[in-house]
Every structure is written in C-alpha cells, then in structure tokens.
Amino acid sequence: MKHSLPPAIPPIVHQDLNATQQCVMCGMCVPHCPTYALSQNEADGPRGRIALMLGMAQERLELDSNVIEHLDTCLSCRACEQVCPSKVPYGQLIDAGRAHIHALNPAHKRGMRFVRDHILLRPRRLALLGGMTRMMQRLRLDRLPMPSSLRRLARLAPPLAPAFRPLEIYPVSHPRGRVGLFLGCMGSVFESENLRAAIAVLNAWGYEVHVPRKQGCCGAMHQHGGDTQRGQTMAAKVAEVFQTLELDSVVGVSSGCIAQLKEHSGLKVFELSDFLLRQQPATLPAMRELDRRVAVHLPCTQRNVLRTGNTAMQLLRLIPGLEVIELPGNERCCGAAGTHMLTHPSQADALAVPKVEAFEALGAAQIVSTNIGCAMHLGGGVRKAEATAEVVHPVRLLAEALRAGH
Ligand code: SF4
Ligand code: SF4
C-alpha cells in the first residue's frame, strides 16, 4: 500500500526528507553507528535508515511497524553525520522522518507523548514523581500499571536535592559581563545542585547571572520525537524570554538543551563548561586540591552537535589535585538519547553497560557528564551494577574546589 502525503504533513517536512538524495550510499557511516553495532542489521544503521526515508520521500514505502521501529531505534546521536563525506544532514533527516510518521499516525508513541507533555514538562509534577521515586521503588509501586516510560523514569530518577528557587539576579561588583542561565524543564527539578554550582562559579568568574522566571522548555524532546514544529516554536519562545534582558550570552548545564537552542533559537548559547573554559578570568580564584580521580563522559550533543570537544576535561584540569581521565568509549552514545532511555530500555541499557564497566575498571570516584539525560541514564547503570558513584556536572567539582579555597 502506498501512502500519499496527506495535507497534515507540513511541506517543510517533505522538503527536509529530500536531503536523502544527497546520500551516495557509500556506507562510510555504518561502522560508526551504535545501533548497527548492536544488531548488525543494515536497517538499524544510517545508510539503511536513509534508504527507508528515501522511500518515504518518494511515497513508495509502506510505513508498517517494522519500518517505524527501525527509525524509532535511531538514537539521533549524529555520529554518522560527522564522518559523512557527502555532508548528509542526518539529524535533520531523522527529525523529518519522525515528523512524517507522526503526521501519518498521530497515535504513535501516545504513552510517551503523554509522559512528556504531562510529567516531564511540568516541573511540579516531575518533582512529585522524583520525590516519590524512592518510596515507589521500596514498595515496588513502580510495578503498578502505568505507561512503561513513566515506570522507567521512576527507576532512573536520581535522588532529589533540596528544591531550587532561584533569584532573578545574582550580582557581582564590577561584572565582566551579564549571562543568562537556562534551567531546563527537567533540569530545574533534577539538576538543582548543578544550577546552584553554576551560579556560584559564574559569579566567581566575575559574571552577573540572570535567571528569568518562566523560561519554558527548549523543545528538544519534541524536535526529536516527531513534533518538529512544536520543538522549534518552544526554542523560539525561550529565545524571546532571554532576548528582553540584554545579556552577553546564555548558558546552560545540559548540552542536549543547549544543542537544541543553538540550532533552533537564534540565541548565543553555550554549554556551561565550554563558556567557563573560554572565559577564564586572568587570575583564577583560589581553589583547594580535590584529591580524587574522575572519569569524564562526553555527550553526543557536545561531540556531534555543539562540536566543542571535551571541554569539561580541560576545565577540570584547572582544579589542583584532581585526576581527570577520559571515559573509554566516548566516541559512542551511552544510549540515553533524550527519551530513548525511556522508550527503548533494552537497547539503552546495552549501550550503557560498557560505559559502566569502563568506569569501574578505572577506579574513579565520580563520572562527570554535561548532559542531564546521560547523567540520569549512567547513574541508573551505576546503581544497577551496584557500584557506588555519583554522576555530576563538571561545575559541581569547580564549585566544591572554590568553596574550599576561600
Ligand atoms: S550518509 Fe554519508 S557516509 Fe552514510 S552512506 Fe550516505 S553518503 Fe555515505
Ligand atoms: S544518529 Fe546515531 S544511531 Fe542514528 S543512524 Fe546515525 S549513528 Fe546510528
């Protein structure tokens, strides 16, 4: 059966799919694809997925559950895009492919969409779930009937730190500049310690920090989940909030959100460790030694979208005494991949296992990651392996060293 494009499909989606024609099917990307490495199935690699999307663009492909699953299992990690000699914009393609699927079948992933729109995007409800998580796990309530993605979220949610109710401005005397801090919908609940640390370190670096209320969500989960237009609208709304403030830059502690804002908001945004590394003060504030070894994970959004390299490693080397080691396997996605860790737990866990094993072999005390999804997923992997380690943002270690240095 052929599907012709119904009017519900925005022409831009159809247009984006036309980029499939740039692919010369050379296969150079295939060995770099984590999902192909797991299944060894051509349809689970970039070239196979592009062939499927080409069929969609030419309206000659039956969109059965098999085809949809091959596209759904893609992590959007964009490792394939980095090595492609023909510069195929794979990230744009897979977003358009999913938008196409969603337009043809609005009920697709209804459970996940419900969890996204009614839990993940609602910080108060998310905090309630986070607060109940330990009790749910103890009483085995996480086995009650509920959308599987919600059950999985309850299992991955890290212990909640005290709630973060930021002021709107954190001033310093004689500021070097004014930066905005993007909180993120999940970040404002699960990253409160990272956000407090971010403000402390930005102030120590000489920046006045602005934290506007009602910032909204960057839209990354929508962008990569088939609601591309909504994702882009959400990113534009975040931009409107910050643009009224006359800031020098906007920073955030989650590379996934910053990548979305960089590609779709027009804001001048930086992942925080990248910003702090670029903007080091001429004289660094006093820091005490941190006598421990940490393993630094590199999120795909930082490596393949922001393309800043492992700036967290370079930043952490400013801390005296800290032994900073790169987590082996950083060229490969950990499996978190936005909501993928909630919708495809087996594949996500299979990709996290080698990371957790590498971390254990290093004998490091902490894993460092600049992305909230990776931190939750790796934290879940560490707990599952009954290892003891925190997953922290690099700014937490800087704040710790600075606190003790005064
Ligand atoms: S996406 Fe690029 S690297 Fe992969 S098969 Fe197509 S042209 Fe080759
Ligand atoms: S984005 Fe990642 S998972 Fe998807 S095809 Fe490319 S390399 Fe494979």
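Does E246 count as buried or exposed, and at what relative accessibility? At 70% relative accessibility, E246 counts as exposed, where exposed means over 50% relative accessible area, buried under 20% and partly exposed in between, with a 1.4 Å probe and protein chains only. The model is predicted, and local features need pLDDT of at least 70, side-chain atom pairs count only at pLDDT 80 or more, and totals for chains, interfaces and linings use all residues. Residues are numbered from 1 along each chain as its sequence is written, chains are lettered from A and ligands numbered from 1 in the order in which they are written, and side-chain values use heavy atoms, with hydrogens and water left out.

E246 lies in the loop between α13 (228-243) and β4 (249-252); helices (H or I, at least four residues) and strands (E, at least two) are DSSP runs, numbered from the N terminus. Most residues other than glycine have a negative phi. The phi of E246, a residue other than glycine, is positive, near 50°. R307 is not a glycine either, and has a positive phi of about 55°. R307 is placed in the loop between α16 (300-306) and α17 (311-316), and counts as exposed at 52% relative accessibility.

Five strands form an open sheet with mixed pairing, in the order β1-β3-β2-β4-β5; two strands pair if DSSP finds at least two bridges between them. At the edges are β1 (169-170) and β5 (269-271), each of which pairs on one side only. Strands β1 and β3 run antiparallel and are joined by two bridges. Y170 has V209 in β3 as its bridge partner.

Helix α11 (residues 192-204) contains 13 residues. From its first C-alpha to its last α11 reaches 18 Å, close to the 18 Å expected at 1.5 Å a residue, the expected span being 1.5 Å times one less than the number of residues. The buried residues of α11 include L195, I199, V201 and L202. After α11 comes G206, with a positive phi near 100°.

The structure holds three aromatic pairs. Rings of Phe, Tyr and Trp (its six-membered ring) pair if their centres lie within 6.5 Å, and planes under 30 degrees apart count as stacked, over 60 as edge-to-face and the rest as tilted. Y207 and F275 form an edge-to-face pair, with 5.1 Å centre to centre and 65° between the planes. This pair links distant parts of the chain, with Y207 in strand β3 (residues 207-210) and F275 in helix α15 (residues 272-278), 68 residues apart. Both Y207 and F275 are buried. The ring centres of F270 and F275 are 5.9 Å apart and the planes are at 50°, so this pair is tilted. F270 is buried, as is F275. Ring pairs join Y207, F270 and F275 into a cluster.

Zero disulfides are found in a search of the whole structure, a disulfide being a pair of cysteine sulfur atoms within 2.5 Å. C300 is in no disulfide, and its nearest cysteine sulfur, that of C333, is 3.9 Å away. C300 is buried, with a relative accessible area of 12%. C23 is also buried, with a relative accessible area of 17%.

Around ligand 2 are C33, P34, T35, P46, R49, C74, L75, S76, C77, R78, C80 and Y90, a residue being near a molecule if one of its heavy atoms lies within 4 Å of it. The elements giving two or more residues to this shell are α2 (34-39) and α3 (46-57).
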